[in-house]
Amino acid sequence: MQLGATTKDKITGYEGIITGKCSYITGCDQYLIQPKTKEGAWVEAKWFDENRLEQLDSEIIVLDDDHKDGPCGAAPIK
């Protein structure tokens, strides 16, 4: 899986762009999938285990990194 790639959950069909990755000490990797808005309404991103995802053939989105001096901000806490 690659950040910026379009992917789809094999179970639910949830589809979007990979915007984050998390690796756990237990060996589980998860990816944050951000779908496009629906009718202008924001759709919340969701975390999925790597083995549930299928990377789709599409252009990889790459954003310019203006923050050369460190991270963009703290990750959200749930």
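Trainee: By the distance rule, what does the count of disulfides come to?

Mentor: Before we start, this is a predicted model, where local features need pLDDT of at least 70, side-chain atom pairs count only at pLDDT 80 or more, and totals for chains, interfaces and linings use all residues. Residues are numbered from 1 along each chain as its sequence is written, and side-chain values use heavy atoms, with hydrogens and water left out.

Now, your count: it comes to zero disulfides. A disulfide is a covalent bond between the sulfur atoms of two cysteines, and the rule here asks for a pair of cysteine sulfur atoms within 2.5 Å. Take Cys 22: the closest cysteine sulfur belongs to Cys 28 and sits 8.2 Å away, so that's too far for a bond. Cys 28, then, is in no disulfide either. How open are they? Cys 22 is partly exposed, at 23% relative accessible area, and Cys 28 is partly exposed too, at 26%. (Buried means under 20%, exposed over 50%, and partly exposed in between, using a 1.4 Å probe and protein chains only.)

On to the sheet. Strands are DSSP runs of E, at least two residues, numbered from the N terminus, and two of them pair if DSSP finds at least two bridges between them. E4 is joined to E3 (residues 29–34) by four bridges, running antiparallel; Gln 30, for example, has Asp 49 in E4 as its bridge partner.
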